[in-house]
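User: Hi! I am new to reading protein structures. Could you walk me through this one with a few questions and answers?

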Amino acid sequence: MQERVSNILSPYRELIFQLVLHLLLFSFYSFDEDNPRFEYVHVIFFLNNALPAFVINYVLLGAYFYKKKYLEFFFFTSLLVFYVILSEELLLEQIFYADSRGKNFPGVFFSLWEILPVIVILVGFKFAWDAIEKQKEVEDLKEAIKESELQFLSSQINPHFLFNNLNNLYSYAIEASPKTPEIILELSSVLRYMLYECRSNFVPLKKEIEHLKNFTQLSQLQIEERGTVNFHCGDFSSSFVIAPLILIVFIENAFKHSQASQTDKILIDIKVDISPTGYLEFYCSNNFLPISNTENLSKGIGLENVRKRLDLLYSNEYELIVLEGEKQFDVYLSLNLHQAELV
């Protein structure tokens with residue numbers, strides 16, 4: 001109901017904003033301690049000031065000021081101000097104050113002192129509204145850019161992952177390995193998650209951990225008896241959510257570089273713990289041989305992609321440490337998890 005009312009009033013928001021402020025200004029403009037009564041003559045004089053302000057707000061600002069044509073803007077604004085002075089002195093005061101103010105012309109500067117404050121305030125109302133709308137446009141644009149960049153980064157992950165695993169699957173198929181059907185089943189499970197269950201910015205942490213386990217099992221099949229893979233996950237609340245397909249990049253890199261650099265004694269450790277305060281502590285370690293073909297591996301978009309997504313989604317709520325030793329590669333990620341109802 002509230003959203004419906006908001007949609008109905010949306011086209012008239014500026015009109016309501018201006019009317020309210022104009023009424024407030026008019027109440028100050030027409031108030032007189034010696035004569036506190038409302039008189040229609042005040043309305044006429046106020047409208048005589050409001051009309052040129054309306055022209056400035058909805059014609060001159062857009063046509064000249066916002067286009068940085070300042071000379072033209074101030075020229076036409078000056079003409080409107082002099083119009084107000086002449087109309088008041090030569091017409092309105094002669095009609096309503098012929099026996100008092102209408103007898104004398106106090107001078108241009110005195111008239112300006114009476115007219116300009118009202119016009120400046122009315123134009124200021126328009127400036128304030130335009131500034132509010134411009135800020136809203138900037139925020140909407142930032143959000144749109146953020147969303148499109150996240151979608152672009154996420155779209156890069158799927159081909160990156162699929163390319164690596166199809167190459168491995170092809171090798172097993174060529175060798176007619178009996179493990180090929182099992183690999184296909186695990187790959188299907190992983191791809192199902194990536195294609196259908198992680199389209200939003202955040203997914204349940206439970207599903208993401210299950211995805212990591214499936215991926216680890218899939219990659220572990222390719223190692224066979226050439227090494228050891230340890231996967232540890234602590235207990236955690238089901239209410240936590242996490243950005244999908246972030247942690248998997250580190251695990252994928254661990255398998256890729258360990259297998260590329262050595263044929264046996266592969267060691268990969270993966271640990272995921274969640275603190276009572278809602279911090280995810282992720283650790284991934286893999287060994288490798290310094291003299292190997294890892295230097296020829298494509299650097300890919302993995303780590304750079306992860307850093308960008310973490311910056312966009314978690315800003316200052318994470319800490320990522322990547323350490324590369326002589327024979328070991330370590331990744332530490334501390335992440336402030338969000339609650340499902342807050343996302």
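## A walk through the model

Analyst: Happy to! Let's begin with a loop: the place of Leu245 is between strand S3 (240-242) and helix H8 (247-261). Keep in mind that this is a predicted model.

User: Is Leu245 buried or exposed?

Analyst: Buried means under 20% relative accessible area. Leu245 has a relative accessible area of 3%, so Leu245 counts as buried.

User: What is the phi of Leu245 near?

Analyst: Most residues other than glycine have a negative phi. Leu245 is not a glycine, yet its phi is positive. The value for Leu245 is near 60°.

User: Where does Ser315 lie, and what is its phi?

Analyst: Ser315 sits in the loop between helix H9 (302-314) and strand S6 (318-324). Ser315 is not a glycine either, but its phi is positive, at about 50°.

User: What separates the C-alpha atoms of Lys327 and Asn287?

Analyst: Along the chain, Lys327 and Asn287 are 40 residues apart.

User: Which residues form a nonpolar patch on the surface, and what is their accessible area together?

Analyst: One member is Phe28, found in helix H2 (residues 13-30). Phe28 counts as exposed, because its relative accessibility is 68% and exposed means over 50%. The patch is formed by Tyr12, Leu15, Ile16, Leu19, Val20, Leu24 and Phe28, and together they have about 730 Å².

User: How many helices and strands does the protein chain have, and what share of its residues is buried?

Analyst: The chain has 343 residues. Its secondary structure comes to 9 helices and 8 strands. The share of residues that count as buried is 37%.

User: What part of the accessible surface belongs to carbon and sulfur atoms?

Analyst: The accessible surface of the protein chain comes to about 20800 Å². Of that surface, carbon and sulfur atoms hold 60%.

Conventions. Residues numbered from 1 in each chain as written. Predicted model: local features only at pLDDT ≥ 70, side-chain atom pairs only at ≥ 80, totals over all residues. Heavy atoms only, no water. Helix = DSSP H or I, 4+ residues; strand = E, 2+ residues; numbered from the N terminus. Buried < 20%, exposed > 50% of the residue type's maximum accessible area, 1.4 Å probe, protein only. Areas by Shrake-Rupley, 256 points an atom, 1.4 Å probe, with all protein chains shown as cover. Patch = residues over 30% accessible without salt bridge, like charges linked within 9 Å, V, L, I, M, F, W, Y side chains within 5 Å. Salt bridge = Lys/Arg side-chain N within 4 Å of Asp/Glu carboxyl O.
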